[in-house]
Amino acid sequence: MSGKKHLIYNPEKECMSRDEMHAWQSAKLAETVRREYENVPMYRARMDAKGVKPEDIRTVEDLKYLPFMEKTDLRDYYPFDLLASPRSEIVRIHGSSGTTGKPIVSGYTRNDVDVWSEMMARTLTAAGCTKDDVVQVAYGFGLFTGGFGAYQGADKIGAMVVPMSSGNTQRQIMMMQDLGATMLCCTPSYATYLGETIREMGLAPGKDIKLKAGCFGAEPWSEAMRVRIEELLGIDACDIYGLTELGGPGVAFNCLEKDGMHINEDHVIAEIIDPATGEQLPYGEKGELVFTSITKTGMPMLRYRTHDICSLTDKPCACGRSTIRMSRITGRTDDMLIIRGVNVFPSQIETVLVKTQGVAPHYMLVVDRVNNSDTLEVQVEMTEEMFSDTVGQIENVRRYITEQIKSVVGISAKVTLNAPKSMPRSEGKAKRIIDNRKL
Ligand code: ADP
Ligand code: ZN
């Protein structure tokens, strides 16, 4: 036990008995399945193919009869064919990068925005936030859910929100000092960068900087990184997890015990499955995390496979919440990389390379972290013809690939063109990624 004082935003929901939770989840699940079956032809067809009717789903235990949903579904039914509510009820769109050039998008009804705000209000409260706090939001605002999520949660609490968005470090630190920010929301890598810059500037946490806690997520990080951020900034660093498909950040969050993330179970049901067989695994075992949204009306996801690997526990927590917790994300079942908070699939880059004249489809993605910022280098082989071309022409191709990656994937990469046949050939599954980041 940490001996910390625990604040709980909605004790009625966050501390309800397991029996009450089971009854609530069962009722909401049945309701959502009915809505989905009636309004989303793709999911109805999938249920029909499995011989499952909405009335078969009565309790949480029946979840296992439902078909899965995947990120590819969001691509195939882009942008609106998974909506379970009329288009006129949608008040917001958010998105993140998909497996190809198109982003995946999610539609929110007013209800969904409210549900999300509630989840984020709980998240921030668990990190110690009250209406007396000054919350600096250094997550990006835009299609990405980070900025808006943190803003909405802090706004619901009634705290003073400073919506800085990401980047512009000097200005972040100036505002942090001037306004006396007490809470910080951003990615863990940016928190480290802010912390190091603050130290380099000779500013003292606790004196010049008033931060007491932060909610950091949207990318994988380690216990060691938490310790570093806590030392640099003199704060409690809490982990927060979410994904656009489920509404955004706030699906699960650390309380100040920082021993796993409490899942907002009255809004989402979590399962761990064996990624190979799809079978449910018991608490404590590591596998793929699967979520079902049970209170969303715009675009509810049923048995959505996150491809994130972790485990669940229902062991009691010293904070008093009764919700189950998920462990840190320890990996992924697919090859998705998270680079500077952006989801990157090697297939997106491959698509660019395959379409480019003069390069062969032999490539390697080298990811690293320099000064707390992720870097991506794309190494690709030139064809013999290209290799014998002028230096200027080769430079044009390099620039073209760089621009294409920026526009398709949304991040800047360093592109290196290698001589023909200089890159390793693999037998069997090609190794395309070298990730040198030490989290
Ligand atoms: P977000 O707004 O949270 O970045 P995205 O939909 O863009 O949402 O990305 C979601 C993915 O980001 C998750 O499936 C997971 O792989 C990763 N992610 C989000 N939060 C965390 C976290 N706290 N720890 C590890 N990975 C995370
Ligand atoms: Zn707790």
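Two strands pair if DSSP finds at least two bridges between them. Helices (H or I, at least four residues) and strands (E, at least two) are DSSP runs, numbered from the N terminus. This is a predicted model, in which local features need pLDDT of at least 70 and side-chain atom pairs count only at pLDDT 80 or more, while totals for chains, interfaces and linings use all residues. Residues are numbered from 1 along each chain as its sequence is written, and side-chain values use heavy atoms, with hydrogens and water left out.

**Stop 1**

Select E7 and E8. They pair in the antiparallel sense, over four bridges. Find Leu-243, which stands opposite Gly-248 in E8. Four residues lie between the strands of this hairpin, and there Gly-247 takes a positive phi near 115 degrees.

Stay on E8. Seven of its seven residues are buried; buried means under 20% relative accessible area, exposed over 50%, and partly exposed in between (1.4 Å probe, protein chains only).

Three bridges join E8 to E9, and the two run antiparallel. Asn-254 has Met-261 in E9 as its bridge partner. This hairpin has six residues between the strands, and Lys-258 takes a positive phi near 55 degrees.

**Stop 1**

Select E10 and E11. Six bridges pair them in the antiparallel sense. Ile-273 stands opposite Glu-288 in E11. E11 is mostly covered, with seven of its seven residues buried.

**Stop 2: the cores**

A nonpolar core is a set of buried Ala, Val, Leu, Ile, Met, Phe, Trp, Tyr and Cys residues joined through side-chain atoms within 4.5 Å. Select Tyr-241, Ile-263, Leu-289, Phe-291 and Met-326. Of the 42 residues in the largest nonpolar core, these touch the most other members. Elements giving two or more residues to this core include helix H2 (18-39), helix H3 (41-50) and strand E7 (236-243). E10 gives the most, with four residues.

**Stop 3: helix H6**

Finish on residues 145-157. H6 has 13 residues and reaches 18 Å from its first C-alpha to its last, close to the 18 Å expected at 1.5 Å a residue. That expected span is 1.5 Å times one less than the number of residues. Among the buried residues of H6 are Thr-145, Gly-149, Gln-152 and Ile-157. Just after H6, Gly-158 takes a positive phi of about 95 degrees.

How values were computed. Chains lettered and ligands numbered in written order.
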